[in-house]
Amino acid sequence: MKALLKETLRKNFNVPNTLTMIRMLLIPVYIVLFVDGRKYPALAVFLAASLTDLLDGMIARRYNQITDFGKLMDPLADKLMILTVMFSMAIGNNVIPAVVPWVAVGILLGKELVLMAGGLLMLHRNIVVYSHFIGKAAHCLFIAGLTGTFFHDWLAERCAGWFMTPDLLLIWVAVACTLGALAFYVEDSVRKIKRTQG
């Protein structure tokens, strides 16, 4: 048992996975800061988490430090962080106004639940569905849009007369991209299932 634990740590203890775990730990930090009404410190934590997301992938690919643990935890940390910020900016508090539409939150949450269920089904069939560019683009757009929501009032003043402020526009474009990514994953999964059955 001890030897197995050491081997698991040896395989998975690297810089990319450490950054992923830091991102997971930053989620409760963000929640505490947001609930306390500390808007810009909460934003700083979100941006720091987003930076670790960028760095861990680059380091893992460059130094060939891709692990099964990283493949599982990296996208999970990404999704949890984005959903946490989406929920917080949809709920708001006494200091920070609610900005994100609940429809957008519901679409993103629904998409993630469908992908989670589909991923488990595909795993049961030993089939791997890889991420697609449109999914990564949606993730980047969500980060940009959510960052903008922290400056929503300022943007609303500067963009008076616009049909929608830039932050919300980015979020809706991200929602459209995430639905496109869902369509791709479903189509790719169906194709791979047919291939294995054929």
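Asp188 is buried, and Lys192 is buried as well, where buried means under 20% relative accessible area, exposed means over 50%, and partly exposed is in between, with a 1.4 Å probe and protein chains only. The side chains of these two residues meet in a salt bridge, at 3.5 Å from N to O, and by salt bridge I mean a side-chain nitrogen of Lys or Arg within 4 Å of a carboxyl oxygen of Asp or Glu. Both Asp188 and Lys192 lie in helix α8, 4 residues apart, which is about one turn of the helix.

Before I go further, a word on the model. This is a predicted model, in which local features need pLDDT of at least 70 and side-chain atom pairs count only at pLDDT 80 or more, while totals for chains, interfaces and linings use all residues. Residues are numbered from 1 along each chain as its sequence is written, and side-chain values use heavy atoms, with hydrogens and water left out.

The pLDDT, which is the predictor's confidence in each residue from 0 to 100, averages 86 over the protein chain, and 87% of the residues score at least 70. Confidence is lowest in helix α1, residues 2-12, with a mean of 53, and highest in helix α7, residues 152-158, at 95. Where pLDDT is low, the predicted coordinates should not be read in detail.

As for the overall fold, the protein chain has 8 helices and 0 strands, these being DSSP runs numbered from the N terminus, with helices (H or I) of at least four residues and strands (E) of at least two. Of the 198 residues in the protein chain, 41% count as buried. If we take contacts, meaning heavy atoms within 4.5 Å, between residues at least 6 apart in sequence, then 75% of them join residues at least 24 apart.

Let me turn to Arg23, and ask which residues are linked with Arg23 in a network of salt bridges. The network links Arg23, Asp53, Asp74 and Asp78. Side chains of opposite charge can pair when their charged atoms come close. Arg23 and Asp53 meet at 3.9 Å, N to O; Arg23 lies in helix α2, residues 15-35, and Asp53 in helix α3, so this pair ties together parts that are 30 residues apart in sequence. Arg23 also forms a salt bridge with Asp78, with the closest N and O atoms 2.9 Å apart, and because Asp78 lies in helix α4, residues 68-91, while Arg23 lies in helix α2, that pair ties together parts that are 55 residues apart in sequence. Arg23 is buried, with a relative accessible area of 1%, and Asp53 counts as buried at 14%. The structure holds 9 salt bridges.

Back in helix α8, which spans residues 166-197, we find Thr178, a buried residue with a relative accessible area of 2%. Leaving aside residues up to four places away in sequence, Thr178 touches Leu108, Lys111, Ala138 and Phe142.

The structure holds 0 disulfides, a disulfide being a pair of cysteine sulfur atoms within 2.5 Å.

Finally, the surface: the protein chain exposes about 11,800 Å², of which carbon and sulfur atoms supply 70%.

Technical notes: Accessible areas come from the Shrake-Rupley method with a 1.4 Å probe; for residues, only the protein chains shown count as cover.
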